[in-house]
Amino acid sequence: MPERAEDMITTLTGSNYFRTNEKLHELVSDFIRQYGDLALEKVDGEEAEFDKIRESLQSLPFLATRKLVVLRSPGAQKQFLDQFENLLAEIPETTDVILVEPKLDKRSVYYKFLKRKTDFHELTELDEYGLSTWLVQKAKNDGGKLNLTDAKYLIDRVGTNQQLLNSELEKLLTFDLEISRKNIDALTESVPQSTVFQLLDAALNNRAKQAMELYAEQRAQKVEPFAILAMLVWQLHILAIIKTAGSRSDAEIASEAKINPYVVRKSRLIAGKLTEPELKNLIKSLSALDIKLKTENIDADEALMNLFLQISSK
């Protein structure tokens with residue numbers, strides 16, 4: 001590789017598609033400001049023929065002093081993987097490259113090469129603190145004001161999807177640059193996943209009335225009983241992962257199970273209130289209810305509310 005490889009080739013990888021696209025947009029915009037949009041070339045590495053990829057990387061700029069090639073997922077092609085080191089070594093000094101590789105096998109030679117020889121950015125999911133501070137800073141950058149406590153409240157309400165959080169933040173700032181909890185309640189909708197967590201937490205803490213109110217809120221938002229059941233299954237699946245993870249850290253659990261670190265940390269609060277036998281019994285009860293709802297003509301709302309009441313009474 002040329003000595004300037006790290007200046008010429010940037011790698012963007014990781015599970016956080018929002019941060020990846022944000023970083024990509026930033027890099028491309030900076031380049032276009034300097035060299036113009038005629039200097040930009042985009043190639044889909046999964047769809048393009050290998051010869052097309054090679055031509056894009058090795059050809060000289062046209063009507064510009066430099067060019068930028070944005071190459072998405074070339075590692076999906078065996079021929080590229082077989083020849084990537086020589087191919088990248090032959091890139092002209094007048095060409096910059098951004099490799100966008102959302103999924104890389106960390107055991108592979110390709111991953112180790114990119115990490116060692118390129119300007120490497122691994123953009124993973126943010127935890128609760130990371131998301132909260134990002135929201136506060138983004139609000140400030142956009143001329144608004146959001147405190148850390150209300151940022152955490154917004155995350156609890158709408159979930160950890162950064163793209164959705166970005167959209168909700170823009171909506172809140174459009175209404176009022178000083179974001180309040182009152183406006184968060186008025187302008188955003190609580191996501192079902194967050195409410196299932198709250199439902200289960202209320203039931204496990206013997207707050208039956210709150211559990212029933214939360215269930216009623218979900219039904220008022222037209223979330224169907226089977227959707228609530230599915231999300232409860234998802235929550236119990238995460239609890240089971242945490243319970244069987246031994247001494248692994250939240251970050252390790254999140255990475256191995258491909259779960260957002262914030263979800264793991266939040267679910268650990270519930271996991272700590274359940275013994276393994278209690279969790280097994282809860283999973284067994286949920287499984288029996290699922291079969292009953294699919295094979296018998298019973299009221300799904302009544303059955304689910306009874307389940308939460310049973311949990312609350314223990």
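Ring pairs link Phe80, Phe84, Tyr110 and Phe113 into a cluster. Rings of Phe, Tyr and Trp (its six-membered ring) pair if their centres lie within 6.5 Å; planes under 30 degrees apart count as stacked, over 60 as edge-to-face and the rest as tilted. Keep in mind that this is a predicted model, where local features need pLDDT of at least 70, side-chain atom pairs count only at pLDDT 80 or more, and totals for chains, interfaces and linings use all residues. Residues are numbered from 1 along each chain as its sequence is written, and side-chain values use heavy atoms, with hydrogens and water left out.

**Aromatic pairs**

Searching the whole structure turns up seven aromatic pairs. Two of them are set out here.

| Pair | Distance between centres | Angle between planes | Type |
|---|---|---|---|
| Phe80 and Tyr110 | 5.9 Å | 80° | edge-to-face |
| Tyr111 and Phe120 | 5.5 Å | 90° | edge-to-face |

The pair of phenylalanine 80 and tyrosine 110 links distant parts of the chain, 30 residues apart: phenylalanine 80 belongs to helix 4 (residues 78-89) and tyrosine 110 to helix 5 (residues 109-117). Helices here are DSSP runs (H or I, at least four residues), numbered from the N terminus.

Are phenylalanine 80 and tyrosine 110 buried or exposed? Both are buried, where buried means under 20% relative accessible area, exposed over 50%, and partly exposed in between (1.4 Å probe, protein chains only). Tyrosine 111 is buried too, at a relative accessible area of 6%, and phenylalanine 120 is buried at 17%.

**Charges over rings**

Arginine 181 lies over the face of tyrosine 153, 4.2 Å from the ring centre. Likewise, lysine 266 has its charged end over the ring of phenylalanine 197, 4.7 Å from the centre. For this, NZ of Lys or CZ of Arg must be within 6 Å of the ring centre and within 35 degrees of the ring normal.

**Two crossing helices**

How do helix 12 and helix 14 meet? The axes of helix 12 (residues 225-243) and helix 14 (residues 261-271), lines fitted to C-alpha atoms over the stretch in contact, come within 9 Å and cross at roughly 85°. Helix 12 is therefore roughly perpendicular to helix 14, a label for angles of 65 to 115 degrees. Residues making the contact (heavy atoms within 4.5 Å) include Trp234 and Gln235 of helix 12 and Ser267 and Arg268 of helix 14.

Glutamine 235 is buried, with a relative accessible area of 2%. Leaving aside residues up to four places away in sequence, glutamine 235 touches Val196, Phe197, Leu200 and Ser267.

Note on methods
Axes are lines fitted to C-alpha atoms, for helices over the stretch in contact, and angles run from 0 to 180 degrees between N-to-C directions. Helices (H or I, at least four residues) and strands (E, at least two) are DSSP runs, numbered from the N terminus. Angles under 35 degrees count as roughly parallel, over 145 as roughly antiparallel, 65 to 115 as roughly perpendicular and the rest as oblique.
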